[in-house]
Amino acid sequence: MKEEILKTVAGAAGGLAKEFTCLRRWAGLGSLAIVLLVLLSGEVAWAQESAQPAEADQNGCLVCHGQEYLGAVEVDGAARDLFVRPQAYEDSAHGLLPCNSCHIGFTHDNPHQMVTNAEFFAETAREACRNCHADQFEMYQQSYHGELSRGAVAGGIQAPGCIDCHGMHQVQRVDTLEYRQDIQEICGQCHGGREQTFLDTYHGKAITLGREASATCVDCHGSHFILPTSNPMSTLSEANHLETCRNCHPDAEEGFTTFLVHIQPTSTDAPLVVFAVAVFYISMIVVVFAFGGIHTLLYIYRGLKNGLYFGKGGHH
Amino acid sequence: MAAGTDAREGVRLVYRRFSAFHRFNHYLVMISFFGLVLTGIPLKFKDSLWAEFFMGLIGGVEGAGFIHRTMAVFNFAYFFLEMGYMAWYVAARKGPIFGPDSIVPGKKDWQDIKGMFRWFLGRGPKPRFNRFTYWEKFDFWALLAGTFLIGGTGLMMWFPEFTTSFLPGVSLNVALVLHSNEAFLATGVIFIFVHFFSAHGRPESFPADEVIFSGSLPLDHYIADRPAEYENRLRAGTLDQVVRPAPTGPMTRVNSWLMVIFSVVALFAATYTMLLVVWPLLF
């Protein structure tokens, strides 16, 4: 996925640059041309944005990119949002970093003519995170996700890169409650179904309702160095499973690790005993509520009919 | 209706239905059950709009967990007191285990169920009940069994490390499914489908039955509501064991007011809880 995104972006960026260098093509490629939409936000909005320039914005990037309607139409015709909400960036974990600490090599030349080819752009984006987070990047490289991103795993599955889990301009610290609540959905984008079964466990319910200390996906599966449970080095491999549980449950024994997080009790895939209990209770609830409900309604009907509620038969 | 009230002239007579022990036990159940439901239901319906808001009010998941476990201890207290009482009742031969006065279901209960449905549909007279009706027996045994199951699975999940030291991990999966569903069943039975209606909402008791709080009820109400028990006692000459003058004095009035206030608060709390339960089913 990352590769593709980068290719698309880089292709577009490269395309843009070409547009500007080969002015003769302007007419023929009119419909694919860049459209800068610095628009209509009016004097007031402009003044507000300008009055509070992001501290980190030493190069004035947000003068244009802080405008809500800034966008471009790319060579393939796709619309691209180029707006960065200044407040959101300032509130992010990177809020004090200048833009070009990630957008390496970008200058305020309009329109960023440094970006001339796909390779450069892809490499820049890859290096941006690595420059500061080398350890995490190295672990990622060795993880299953990293293998996927290099095409090392057959099957052509799309792999998540840094920004797919961490976001870009709104990147958050991973120890905030918000991020710990969001991580389930982030993983769920690719691992659908697993997200829901987790959310039905106590861990899932507690994190949803704001208990920060509750385990999330990454607390058991790991994050940058994530591996399939079949890999001996995985946090949930047979050898490491108990140790992982003991991070939070120091008194856990081997049996503790056989609790099944990702089961849907009413599915036939669940262990028979779980499935049987679930089905038994659903039936019980239906039967008891139905019988009780009918009994109650008939009782009320008879009570009203005989004047027991508001008539001579009442006792209170 | 006035039969029996003239037994002792000028004195208002009451039928004493519940001893202080049973009333105390009911308070234990009532308070702990409310506490458990209010702190447990938001977990079950975590995606509801009210769940997070309500959790915030009671100190978040951790606060709710603390209340839930404290209330569970009170709930266990009721359970063991009741089990102890029943063991003592049987061991000391305090009374017959089976028979008309017993809480143990019998053949007459099945006949009463059929009889009530005939009465509902206007095809027969209302059955003449003994000391406990079939729905009261259902309430009692369902609660006792439910407490055992919910309490047991609750303890399993309270101490998961201990549980899995001798049981496989899947036992915790079973515990969660059982705890959650049995609790939902119990909440529905108590607040909607059985207990609240049969205790307070049925025409003979509407709008509130104070007997579980005061312990006694007016003699005429008793005779009309439990005619079979009354006749049995009349025939056996044991009416004196349960009939006595109504308590008098300034405290009875205060108590009565307290009971009314308590019932109204309980009804509101139950209605609110009922809304919490029904809401997610509708939306």
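## A quick tour of chains A and B

The largest nonpolar core here has 24 residues, and the ones touching the most other members are B:Phe33, B:Leu36, B:Val37, B:Ala186, B:Val189, B:Ile190 and B:Val194. Four helices of chain B give two or more residues each to this core: H1 (20–44), H3 (60–91), H5 (134–158) and H7 (170–193). H7(B) puts in the largest share, with eight residues. Keep in mind that this is a predicted model, scoring ipTM 0.88 and pTM 0.81.

**The cores**

- Besides the core in the lead, there is a second, separate one of 15 residues, and its members include A:Cys245, A:Phe256, A:Phe259 and A:Val274.
- As general background, nonpolar side chains in soluble globular proteins tend to be buried together.

**Chain B at a glance**

- Chain B is built with twelve helices and three strands.
- Its C-alpha atoms fill a box of roughly 65 × 45 × 40 Å along the principal axes.
- Chain B runs to 283 residues, of which 30% count as buried.
- Take the contacts in chain B between residues at least 6 apart in sequence: 71% of them join residues at least 24 apart.

- Chain B has a mean pLDDT of 87, with 92% of its residues at 70 or more.
- Residues 1–8 of chain B are another story: pLDDT stays under 50 there, and the model has eleven contacts beyond four places in sequence for this stretch.

**Where the two chains meet**

- Chain B brings 39 residues to the contact, and chain A brings 39 residues too.
- On the chain B side, the elements giving two or more residues are H1, H2 (49–57), H3, H4 (107–120), H6 (160–163), H7 and H10 (219–225).
- Sort the chain B side by residue type and you get 24 nonpolar, eight polar and seven charged.

- B:Glu82 sits in helix H3 of chain B.
- B:Glu82 counts as partly exposed because it has 19 C-beta neighbours inside 10 Å, while a buried residue needs 20 or more.
- Setting aside neighbours within four places in sequence, B:Glu82 is in contact with B:Asn25 and B:Leu144.
- From B:Glu82 to B:Ser102 is 20 residues in sequence and 15 Å in space, going C-alpha to C-alpha.
- B:Arg93 is found in the loop between H3 and H4 of chain B.
- With 8 C-beta neighbours inside 10 Å, B:Arg93 counts as exposed, since the cut-off for that is 12 or fewer.
- B:Arg93 isn't a glycine, yet it has a positive phi of about 50°.
- For background, most residues other than glycine have a negative phi.

**How chain A is divided**

- Chain A splits into domain 1 (2–130), domain 2 (177–258) and domain 3 (264–311).
- The centres of domain 2 and domain 3 of chain A, taken over C-alpha atoms, are 36 Å apart.

Key:
Residues are numbered from 1 along each chain as its sequence is written. Chains are lettered from A and ligands numbered from 1 in the order in which they are written. This is a predicted model: local features need pLDDT of at least 70, side-chain atom pairs count only at pLDDT 80 or more; totals for chains, interfaces and linings use all residues. A nonpolar core is a set of buried Ala, Val, Leu, Ile, Met, Phe, Trp, Tyr and Cys residues joined through C-beta atoms within 7 Å. Two residues are in contact if their C-beta atoms, placed from the backbone, lie within 7 Å. Ala, Val, Leu, Ile, Met, Phe, Trp, Tyr, Cys and Pro count as nonpolar, Asp, Glu, Lys and Arg as charged, and the others, Gly among them, as polar. Domain bounds come from an automatic or database domain assignment. pLDDT is the predictor's confidence in each residue, from 0 to 100.
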